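Hi,

Here is the structure I promised to pass on.

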Amino acid sequence: MALRKSVATALLTALLVLGSAAEKAHARGALTLIQDACLLYIGPDYAYFSAYDPQKPRKRYCEEAPRTGVTVFAIDFAQSEMREMTVSFRILRDVGENADPAAMEAASLAYAPPRVYPAGSLSLAYDFKEPGEYAGLVTVEGTHGEHWVAYFPFTVAEPYRRLLPYYLLAAAAFLAMAVIFWRRDRQSSSSSGKR
């Protein structure tokens, strides 16, 4: 009975840890996936975000591009106030959102310099040559001293990351079952040896 409780506790703990990992996979940095829409939180406002392969523009991505090559990033401002503000967008190798500006500058791969987008849409294309971990950095400056920054990591050609929590869950379940059968076999062999 104690064995069953400990295995059940271990499985429940693994499920909770993996559940939180899967939840974090949908909310990385300033980017959140909500009902098939990627929201990019920038200061108190948000924008709609998507990335896509120009050869297959109907398939949109939020936090991962499935392959290397050209990817187009599109940001559409949801609030009209952002259409009057200066916005810049940078694609860089993921150095962490707390890296100093010089490290971010050195890791930059593509850059849309600061400007006002009165139509509310901004796009930037980049040709990824290597799979890996990258990030987007949006900086918004307002006429009243506003300075908002949104940093969001994403991956290119690394589909296993999205499925990693599920692989870990399957491994934990397999391990728990192996322990249960090993203990049961051990208990039955020791009880048959006592007779």
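**The disulfide**

Cysteine 38 has a relative accessibility of 8%, so it counts as buried. Before going further, please keep in mind that this is a predicted model. Cysteine 62 is buried too, at 12% relative accessibility. These two cysteines form a disulfide, with 2.2 Å between their sulfur atoms. The link joins distant parts of the chain: cysteine 38 sits in strand β3 (residues 37-42), while cysteine 62 sits in the loop between β5 (56-61) and β6, 24 residues apart. A search of the whole structure turns up 1 disulfide. As a reminder, a disulfide is a covalent bond between the sulfur atoms of two cysteines.

**The cavity**

The structure holds 1 cavity of 30 Å³ or more, and the space in the largest cavity comes to about 40 Å³. As for where they come from, β4, β6 and β7 each contribute at least two residues to the lining of the largest cavity.

**Around β7**

Is β7 mostly covered or mostly open? Mostly covered: 7 of the 9 residues in β7 are buried. On one pairing, β4 and β7 run antiparallel and are joined by 6 bridges. One example from that pairing is tyrosine 52, whose bridge partner in β7 is valine 72. β7 also pairs with strand β10 (residues 121-128), again antiparallel, through 8 bridges. There, aspartate 76 has serine 121 of β10 as its bridge partner.

**The five-stranded sheet**

There is also an open sheet of 5 strands, in the order β6-β12-β11-β8-β9, with mixed pairing. β6 and β9 (108-116) stand at the edges with a single partner strand each, so one side of each has no neighbour in the sheet.

Starting from the β6 end, 2 bridges connect β6 with strand β12 (residues 147-156), and the two run parallel. Glutamate 64 has threonine 155 of β12 as its bridge partner, and alanine 65 has valine 156 of β12.

The next pairing along is antiparallel: 10 bridges join strand β11 (residues 132-141) to β12. Threonine 139, for instance, is bridged to valine 149 in β12. β11 and β12 make a hairpin with 5 residues between them, and glycine 145 in the turn has a positive phi of about 85°. How much of β12 is buried? The count is 8 of its 10 residues, so β12 is largely enclosed by the rest of the structure.

**Salt bridges**

A search of the whole structure gives 4 salt bridges. I'll go through some of them here.

Aspartate 53 pairs with arginine 67, and their closest N and O atoms are 3.6 Å apart. Aspartate 53 is in strand β4 (residues 45-53) and arginine 67 is in the loop between β6 (64-65) and β7 (69-77), so the pair ties together parts that are 14 residues apart in sequence. Aspartate 53 counts as buried at 14% relative accessibility, whereas arginine 67 is partly exposed, with a relative accessible area of 34%.

Glutamate 105 forms a salt bridge with arginine 90, where the closest N and O atoms are 3.4 Å apart. This one also links distant parts of the chain, with glutamate 105 in helix α2 (residues 101-107) and arginine 90 in strand β8 (residues 86-93), 15 residues apart. Arginine 90 counts as buried, at 12% relative accessibility.

Finally, the side chains of aspartate 127 and lysine 129 meet in a salt bridge at 2.8 Å, N to O. Aspartate 127 is partly exposed, at a relative accessible area of 31%, and lysine 129 counts as exposed, at 64% relative accessibility.

Cheers

Note on methods
Residues numbered from 1 in each chain as written. Predicted model: local features only at pLDDT ≥ 70, side-chain atom pairs only at ≥ 80, totals over all residues. Heavy atoms only, no water. Helix = DSSP H or I, 4+ residues; strand = E, 2+ residues; numbered from the N terminus. Buried < 20%, exposed > 50% of the residue type's maximum accessible area, 1.4 Å probe, protein only. Pairing = 2+ DSSP bridges. Disulfide = S-S within 2.5 Å. 1 Å grid on protein atoms, 1.4 Å probe; cavity = no way out; pocket = protein on both sides within 12 Å on 5 of 7 lines; lining within 4 Å. Points joined across faces, edges and corners; volume = space filled by probe spheres on them.
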